[in-house]
Amino acid sequence: DDPLPRSLVPSSGIGAQLRGAIPFDLPGQSLTYSAFLANGPGSVDGTGNALTADGTPNLDLGSNVGFDSNGNSIGNLHAAPGGGGRIGWFHPWKPHYDLELGVSGMASQWDGGGSLLWSAAAADAALHIGPYVEVKGEYIYSWQQTSDLGTIKPWGWWIQAGYKLAGLNLELPLINNLELVGRYDTTRNGFNTTQNDFGATVNRWTVGYVYYFSNNLLFEGDYEFLNSNDPAQAHNLFVFQLGYGF
């Protein structure tokens, strides 16, 4: 699964992006940048309320759909784009040893009237220690203005480590193609902020593997230990996935 905090921001968008890198100081070191405009978040029912009539979250970070009075889906009701970008620093100190740090953000209208703002900021890091060890993580904080509950502030963070068993030099094909992965992630949904209560809390530990049939054909699996004060959240489960990259 994606890290839990990724559910606090749009997973994708349609728009335009400018991106590039500027060499900086030492050979291989660079400052990276990107800026974009894309279809921003939307309101499920067009209002700026935190929840819809049936009690589900009104903010739509996925398909950006809204409905007219006849129940027809009409897309992003406010018809305004969202914008954002990222600035990163990439520092390699020898082959397969490098560190990347980044900060990013996005802001957009989200309600049907276009009067309420959604925004998010993130900090990310990735560290490679040789060709076999990777550690990476991210912290995400978001703000959602609402017409009934003030500003809701969901946030979360995750950290993940992976080790490729080829680093053991055992000369065993099955072992050499295997990477072990562990992750911790957590989110707070931000409701009831006026009572200083972050509402639903989700904490998850994940242990798993990636088996590389080739560089672009992967078989992945994990077991997730999930703990939450929200009974609607899923419980512990296995996840398996076969992926092919083009």
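I began with the ends of the chain in this predicted model. The side chains of Asp 1 and Arg 204 form a salt bridge, 3.6 Å from N to O. I noted that this pair links distant parts of the chain, 203 residues apart. Asp 1 sits in the segment before strand S1 (15-23), and Arg 204 in strand S12 (residues 201-212).

Asp 1 is partly exposed because its relative accessibility is 48%. Arg 204, at 3%, is buried.

Next I turned to Arg 86. I found a salt bridge from Arg 86 to Glu 100, with the closest N and O atoms 3.5 Å apart. Arg 86 belongs to strand S5 (residues 81-94) and Glu 100 to strand S6, so the pair ties together parts 14 residues apart in sequence. Arg 86 also bridges to Asp 124, with the closest N and O atoms 2.8 Å apart. Asp 124 lies in strand S7, so this pair ties strand S7 to strand S5 across 38 residues of sequence. I checked the accessibility of Asp 124: it is buried, at 18%, whereas Arg 86 is partly exposed, at 22%.

Last, I looked at nonpolar residues. The largest nonpolar core has 11 residues, among them Leu 59, Trp 110 and Trp 118. Strand S7 (residues 117-129) gives the most to this core, with 3 residues. I also noted a nonpolar surface patch of about 550 Å², whose residues include Phe 24, Tyr 33 and Val 103. Val 103 lies in strand S6 (residues 97-109).

How values were computed:
Residues numbered from 1 in each chain as written. Predicted model: local features only at pLDDT ≥ 70, side-chain atom pairs only at ≥ 80, totals over all residues. Heavy atoms only, no water. Patch = residues over 30% accessible without salt bridge, like charges linked within 9 Å, V, L, I, M, F, W, Y side chains within 5 Å. Areas by Shrake-Rupley, 256 points an atom, 1.4 Å probe, with all protein chains shown as cover. Salt bridge = Lys/Arg side-chain N within 4 Å of Asp/Glu carboxyl O. Helix = DSSP H or I, 4+ residues; strand = E, 2+ residues; numbered from the N terminus. Core = buried A, V, L, I, M, F, W, Y, C linked by side-chain atoms within 4.5 Å. Buried < 20%, exposed > 50% of the residue type's maximum accessible area, 1.4 Å probe, protein only.
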